[in-house]
Every structure is written in structure tokens, then in C-alpha cells.
Amino acid sequence: MKQLYSLRQDFTIIGLTGKTGSGCSKIAELLSKENFNKNLTYLENKESNDTDELKLNLCVSFLQNDNNWNHFKILNYKDVLLFHLFYEAIKFTGNKADAVKKIISLLIQDGDKGYRLDRISKNDESFLEEIKAFLEKSKFEWYNYPKNQLTCETLKDCLSEKKDCKDLNQYFFEKDGFEGFSKEFYSKINQWDLTKRMTLTHDLANNLREFGTVKSLSSDKSDLINIYTVAETINRLIKNWKRHQGRVKNKIVIDSLKNSLELMFFKEKYSAFYTIATNKSEIERKSYLHKRIQTKFSSTYDEDTTRVHVDNMIKLSDSEYKGSEVNRGNFSSPDIENCIQKSDYHIFFSEYADKKSQKVKRKSIEKNSFYTKLEKDKLIDELLNYPKLSLIPQLVKLIALIHHPGIVTPTAIERIMQIAYNAKANSGCISRQVGAVVTDESYSIKAVGWNDIPRYQIPCSLRNVTDLINKKNPEHFSDFEKGEGGNYEDGQNFKDKISADHANLNQDELEGLNCSFCFKTFHNAYEGEKNQVHTRSLHAEENAMLQISKYGGQGLKNGNLFTTASPCELCSKKAFQLGVKRIYYIDPYPGIATKHILKNTVDQSKKPVLCMFQGASGKAFHKLYDPFMSHKDELAIRTKIKAKTNKNAAIDRLTSDKNKRDQIYKILNSDNSQKGF
């Protein structure tokens, strides 16, 4: 049976994604512990009748067997960025002294950028001298191997040639190698200015994905062909590491991915790749970052400086989350929001969840001086509404499912969210696909919906702007779109404007794709507004709720709403009005629905509770929950135990005559092979 599961158990890559401070590094640290599986007994409740607890018992017992656990190797994304920087500095200089100068010049190259946050610049003279001295005196020989052995034009080409290179493996991975050196290097910058270290890695990553180099080039030199520069480097480092490990089981955790195209690269490359999207409340994220800075850099940063850095880290993380630049075609930028949407497994946890009682949890929160009174109240409320916020049980379940698919069945929440996830594929919206499901309080499904146009209208994805311009298929378009419903302030109508915008449309660039258009986007642009009401589509949540009115059915009071995004203000009001008790979502939708609608009530016990989804979704749902074979058959093969047939019982049913039964027994017990039987 070992061979049956060897592909899952012998090689696994986990990619982590999430906002800064959401728990990526903590998860990586836990997975890297050799004895992680030895300290799980406290999770078991042998006397429980709760099915979720029984499932956790099975996962814990499974992982506690040493055959089913092997710790993960952490591969830090920022170490790979620094590897690129050093390679370029070494490759294009003649000696170590010049390489040091080149490294310094690459560190300060974006120092004159005035947008967003501070960067390392030539004005940071004392710090740059400190970095120079560190590079010159470092015990790690960072210069010779890249200079003498990595002789290709690019690092990507070098690593491609050295697919099986023990020296490369030792240089990067072995004790006192580049990874350790990178940790020291970043620590120097962190001690000096944490914000500038974050902007450095942010810029290096963007440059490598956009230009294929750590150097900042003009935007007209960007090329989509470079988008996988860092991902390819990670891929080749993984392959080299895998070949030179003494152990059979190879486990890698990448900390962390922020670009959705890189995430998809690993999904396409490895069937054993899984993405974990991790999150915690915004209040806890800030508190965690504050505590971490105070713990690691207490001698460097006072309270005021710490708070400034926390605010800067949150600002940069929020800009990386939204992915607005990616949506405009700059695919090299971070887009954590899309990473979360494409993730396989979702974890939402609280640092306070493992406290023994609600009373202890409350006291722990109350003692945290970083929180305001309002933030403390919000956290306590959240802990009461989320029954299962512990991190380790969520990790245990995932690893057990990766190693042994189908070892437990999905939760009701996972099962229904998977239906919502599948439903979104029906959406004809060209901007964003969303799926939704509404259930009663027992999680019995009442309706399914997705964001799309009302019935008897043509979905946006099936319409073509050239048809509108050339007056073809007029029934596909509204009178307003056809220019028959009024003009804008400049006297032009919608058709006039969209025709002008598409005057230079090159069909060759489409390569056969349909050229649709988003009415809301163009109409808002022409009006100079950002009005969501102009969308042609019903939202997925309202579509699901309307199905009940359309076809009849039960009310939704105390029921649940599942959505692959999270409800906007309009859908939140509808859910509140219908008496929905819980709203489960995968990724937050921009807006003020939570603070303005869902928590605005004179009776807090009646408000819908917003719950971030926890568990598997998408293709991974089937990879994790579809067993290789039935559990019954596997147990029979493993134990070699079969139920013994009671032949006498079958004969006794044939006749009640004792003499006849005795004769049958005698025949069966004789040497039948001699009698032609």
C-alpha cells in the first residue's frame, strides 16, 4: 500500500499566500519542525460524539505515525530575490570590490522614487557603509562560486544547465550557505529600517517579473516573457535540492507567493503543489506585527517608531493585495487578492484560539495594550462567533488529506462552498465570476446563484463590441447602448463614444478571442463616476436569494449565505432583511458592507455573522477528498482479515432433516477431488 500513496507522501510543495502579518511565516515554521507530529495528542478527544472532533482524531492518529510525517524545507521567496541581485552584481563586474559597489548601487537604484513609501537611497550613507563592511568581512564566501561556476548570461540559464549540481546545492542550501547569509543580510536592513527592507524586496520582485533583471528599466522594456523569472529560479532550486537530499520524502514550503501568475505556474508544474491562503483579523495582524517588531528589534525601535513601521507594512501589504495594476495589464505586480481566490486551502485563525476558556481568552485580549477598547470588543465578539480558530488543527487536517486523500469527509461548510465555487463558472461576467449558495440553518441547500444578467438577456461574454458598432445582432444590446436612450453632457451617445474608443481595434491582437465589453466600466468612464448600480449583472448572492422567490421555497431566517467573494452593501442589506444568520466568504470584496451594514443594528444578537471560509475549494477539493480506493477495501488489503464463512448455517437453511444435513456434511468434508467435484 505504501506505493499507492508514495506520490503524495514522498513529494509535496506548499505555497503560502496572504497579507503581511496574516500567518505565512508561522505556518512555514510549524511545517518545518521535525517533531511537529509528536505534540498533537492534546488535540484528541477520545470520548467525543462530535463528528468534526472525531475527524480530527483520525487525522491526528494518522500523522502521529512516523511513516506519515516528514518535515518541510522552507524556501524563502526573498532569499531567491537576493540570489538574483548578487548574481547580477557578480556576473557583470571584474572583482569582489567592484561587486560590492554594484550591490550598493542596486540597493539604492529606486531611492529617488517619490511614491508610496521610503526606499534605500544614496542619502543613507552610514547604513551603506555598514552593508559594505558586512559584505567585505562576511565569513560566507558569496563571491567565488557564482563568479567561477555560474558563467551564463542569466541566472535562469545557469540553473537550467546545473540541474544536478552538488556544488550549487551546497552554495545555496547547506549549513552556512547563501540562505544563512541572506538571513544576516536582511537582518542588517531590518535593524536599520524595516520599511525600507520591505520596499526593497517589493521592488526587486516587481523588476524581475517585469524586466527579467533586478535593475529598474523603463516601462517600455517590460515583457510578459519575464513574468516567471523568480518562479523558474525557485523551480530549478527545488529540483536541485530534491536530487541531493539523503531522505526519500521531499517536502518544500514556499514563503510566500504574492503574484497569481506565479502561483498558477507552480500549479501547472507540479501535481503535488498546494496553495494555502492564510488570514487573521485586521486587528490581530497589526498586533502581531507590532509584537514581532518589539520582540526582535527592541533595542532599535521605540514605541512610536514601531507603530510607524506597522502602519507602513500594512499600507504596502494593502497595495499588494488589491492587484489594481494587474487588472490594468501590469501582470508583474503583486495581486494577493487573486492569489487567495485561486488558493486550494483556506486557513483563518486567531492567536487567542488556543486559550483554554473564553474567560482566559477575554483576559488575554484585555491585557494587550496595543488594542483600543473598540478593537478589544471586536476581537472578543469574533472569538465567540468563530467556534474553531486554532491554527494547528487546520494544518493537521490538510497534511493528513494530502498524504491520504479521503481520510475524512468534508465539513458541511466545505461541501456547500464547493458548490458555490463550481457555480461561479456559469457566470457570463467578463470582470469577475462569483458563485453563491443559500441554505437553511441545517445547511440544507435552498438555492444556487452566480453573477449574471437577468434571463432572456445576452451575457456580456457572448456579446461583441463590433456587432454594436456595425449594427449587427441588435437584440444583444440595449437601446441606450445603441445610442437611442440619451446623450452624455458632451452631446455624444454611448455608441458614439465606444465606437471612437475602438476605432483602432486590431483583430489580430485578439487571436480569435471575442471582443466583448463591460458596459459599467465604459459608462462610468464616460460619466466620470464609479457607480456599481450600472452593472448589467445581478450579483451572485441576490440571484441565489431571488431563486427562492421565483420558484417558491422555505424562508432563510437563521439560514446561511455562502459566497466566493463577500457580499457588497446591497446584498448585505438583502441578507440582513431575510434573517440570514451567517455569511461564509472566501475573499473580501472592497466596500464598507461589514462596518456599515452587517454590524449596524440596535440588537447585536440579530446581526449576520461574517465568517471567513476555512477548508478546501476548487480542484483541490477533489484531490483531497476523493479516496484512491474505498476505505473498506483498503482495510481488507492492509489487515488481510476476511470474515469466515459459516458453511453450516447455509446447510441448516436447506433442510430441517438432521439425517440429510449429516449426509451433506459428510460429502463436503470428504476428499471431493477424487469424486469429480
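# Notebook: contacts in a predicted model

**Entry 1: salt bridges**

I began with charged pairs and found that the structure holds 25 salt bridges. A reminder to myself: this is a predicted model, and I read each value below with that in mind. I also noted the background idea that side chains of opposite charge can pair when their charged atoms come close.

I looked up Asp52 and found its side chain in a salt bridge with that of Lys388, at 3.5 Å from N to O. Asp52 belongs to helix H3 (residues 51-64), while Lys388 sits in the loop between helix H19 (373-385) and helix H20 (391-403), so this pair ties together parts that are 336 residues apart in sequence. Is Asp52 buried, exposed or partly exposed? Asp52 counts as partly exposed, at 30% relative accessibility. Lys388 counts as partly exposed too, at 45%.

**Entry 2: a buried charged pair**

Next I turned to Arg209 and Glu262, whose side chains meet in a salt bridge (3.5 Å, N to O). Arg209 is in helix H11 (residues 194-211) and Glu262 is in helix H13 (residues 260-269), so the pair ties together parts 53 residues apart in sequence. Arg209 is buried, with a relative accessible area of 3%. Glu262 is buried as well, and its relative accessible area is 0%.

How many residues apart are they in helix H15? They are four residues apart in H15 (residues 303-322), which means that about one helical turn separates them. Glu303 is partly exposed at 31% relative accessibility, and Arg307 is partly exposed at 34%.

I also wrote down a group of three: Lys19, Glu282 and Arg285 are linked in a network of salt bridges.

I moved on to helix H6 (residues 125-137), which has 13 residues. From its first C-alpha to its last it reaches 18 Å, close to the 18 Å expected at 1.5 Å a residue.

Which residues of H6 are buried? I listed Phe127, Leu128, Ile131, Phe134 and Leu135. They cover an arc of only 115 degrees around the axis, so they lie on the same side of H6. The face turned away from that buried side carries the exposed residues Glu125, Ser126, Glu129 and Lys137. I then asked what the buried residues of H6 pack against. Their partners are helix H4 (77-91), helix H5 (96-107) and helix H10 (178-192).

**Entry 3: aromatic pairs**

Phe86 is buried, with a relative accessible area of 1%. Phe181 is buried, also with 1%.

Then I came to Phe127 and Trp192. Their ring centres are 3.9 Å apart and their planes are at 5 degrees, so the pair is stacked. Phe127 is in helix H6 and Trp192 in helix H10, so the pair ties together parts 65 residues apart in sequence. Phe127 is buried, at 1% relative accessible area, whereas Trp192 counts as partly exposed at 26%.

**Entry 4: cysteines**

How many does the structure hold? I found zero. To see why, I took the cut-off, which asks for two cysteine sulfur atoms within 2.5 Å. The sulfur of Cys158 has its closest cysteine sulfur in Cys152, at 3.5 Å, which is too far for a bond. Cys158 itself is buried, at 1% relative accessibility. For Cys429 the closest cysteine sulfur is that of Cys518, and at 6.4 Å this one is too far for a bond as well.

Technical notes. Residues are numbered from 1 along each chain as its sequence is written. This is a predicted model: local features need pLDDT of at least 70, side-chain atom pairs count only at pLDDT 80 or more; totals for chains, interfaces and linings use all residues. Side-chain values use heavy atoms; hydrogens and water are left out. A salt bridge is a side-chain nitrogen of Lys or Arg within 4 Å of a carboxyl oxygen of Asp or Glu. Helices (H or I, at least four residues) and strands (E, at least two) are DSSP runs, numbered from the N terminus. Buried means under 20% relative accessible area, exposed over 50%, partly exposed in between (1.4 Å probe, protein chains only). The expected span of a helix is 1.5 Å times one less than its number of residues. The arc is that of the directions from the helix axis to the C-beta atoms. Contact means heavy atoms within 4.5 Å. Rings of Phe, Tyr and Trp (its six-membered ring) pair if their centres lie within 6.5 Å; planes under 30 degrees apart count as stacked, over 60 as edge-to-face and the rest as tilted.
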